[in-house]
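Trainee: Could you show me how to read a protein structure, one feature at a time?
Mentor: Gladly! Let us look at it together.

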Amino acid sequence: MIYLNGKFLPIEQAYIPVLDRGFIFGDGVYEVIPVYSRKPFRLTDHLSRLQHSLDGIRLKNPHSDEQWRELLEQVIACNEGEDQYLYLHITRGVAKRDHAFPVGISPTIFIMSNPLPAPPPEMLQKGIPAITARDNRWGRCDIKAISLLPNVLLRQLAIDSGAMETILLRDGYLTEGAASNIFIVKNHVLLTPPKSHLMLPGITYDVVLELAQGHAIPYEIRAVSEQEIRLADEILLTSSTKEVMPIVSLDGKPVGTGEPGPIYKQLSQCYQQYKACIMRGQN
Ligand code: PDD
């Protein structure tokens, strides 16, 4: 069951007009919210990032946070599975094709839920391969825009070369992954770039930094150069659907020992404990 413009429907019965500006221009924003034990994870943060994205594209938020919470609860309730991920998508609406903002139309609001499988244990134990590529996206990567063509093309480069993620470099510095944020470890220090217009402010990125702080793992938020990535002891990827994953090879060369490292193991354990605490309402 999905939610589309005020109605709950089976997904097969959900349609949007071809003139929707999401379809025509990619003119919209989205959120991906993990749900554990039927409770949305860090919902306040996701809703505030949604507001940031809507402000970025100058689209009025159609709902208050309270209304979003209720809608999302309803979508969770009419779908099976303890762990789900919510996909929330808002476009500027349906209008005759014209780049300029149309006047007097309503946004299209779509929410679906999918099962959220735990990351495959093999990937967590052995780690995953990644490649690097030049970050050729626009200058507002902080907006979670539905127009994801560059991310799609960049991620596919990884798949084409048998890897799982593409780590993006802009002017010789790390920005993020095609669909994730990236951390490296050098000499026991966790390093990641500061939030800027050049990357998505990841919710999992925030959680990992909070965990590093809370567990006395030394970390620095600063620009990370291409050379530092290539000489890293560990590389980690974070996202709402992948949580924390170890990257063990980069462009075909081993990262550090070529196996998931100690900081990954510590952070991943902390992440699971934190999740369990939140779900028991002990945050
Ligand atoms: N993507 N950077 C990009 C470009 C992303 O697409 C994502 C997540 C992240 C991580 O953000 P978060 O920790 O809030 O999930 C960073 C989602 C999962 C997606 O598009 O499916």
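Mentor: Start with burial: a residue is called buried under 20% relative accessible area, exposed over 50%, and partly exposed in between, using a 1.4 Å probe and protein chains only. With 3% relative accessibility, Arg 21 is therefore buried. Keep in mind that this is a predicted model, where local features need pLDDT of at least 70, side-chain atom pairs count only at pLDDT 80 or more, and totals for chains, interfaces and linings use all residues. Residues are numbered from 1 along each chain as its sequence is written, and side-chain values use heavy atoms, with hydrogens and water left out.

Trainee: Which residue pairs with Arg 21 in a salt bridge?
Mentor: Side chains of opposite charge can pair when their charged atoms come close. A salt bridge is a side-chain nitrogen of Lys or Arg within 4 Å of a carboxyl oxygen of Asp or Glu. Here Arg 21 pairs with Asp 27, and their closest N and O atoms are 2.8 Å apart. Asp 27 has 10% relative accessibility, so Asp 27 counts as buried too.

Trainee: Are Glu 122 and Lys 126 buried or exposed?
Mentor: Glu 122 is exposed because its relative accessibility is 52%, and Lys 126 is exposed at 54%. These two form a salt bridge, with closest N and O atoms 3.8 Å apart. Both sit in helix 4 (residues 121-126), 4 residues apart, about one turn of the helix. Helices are DSSP runs of H or I with at least four residues, strands are runs of E with at least two, and both are numbered from the N terminus.

Trainee: How many salt bridges does the structure hold?
Mentor: The structure holds 18.

Trainee: What about the nonpolar residues?
Mentor: In soluble globular proteins, nonpolar side chains tend to be buried together. A nonpolar core is a set of buried Ala, Val, Leu, Ile, Met, Phe, Trp, Tyr and Cys residues joined through side-chain atoms within 4.5 Å. The largest one here has 24 residues, and Phe 41, Phe 183 and Leu 267 are among those touching the most other members. Helix 8 (262-279) is one of the elements that supply at least two residues each, and the largest share, 8 residues, comes from helix 8.
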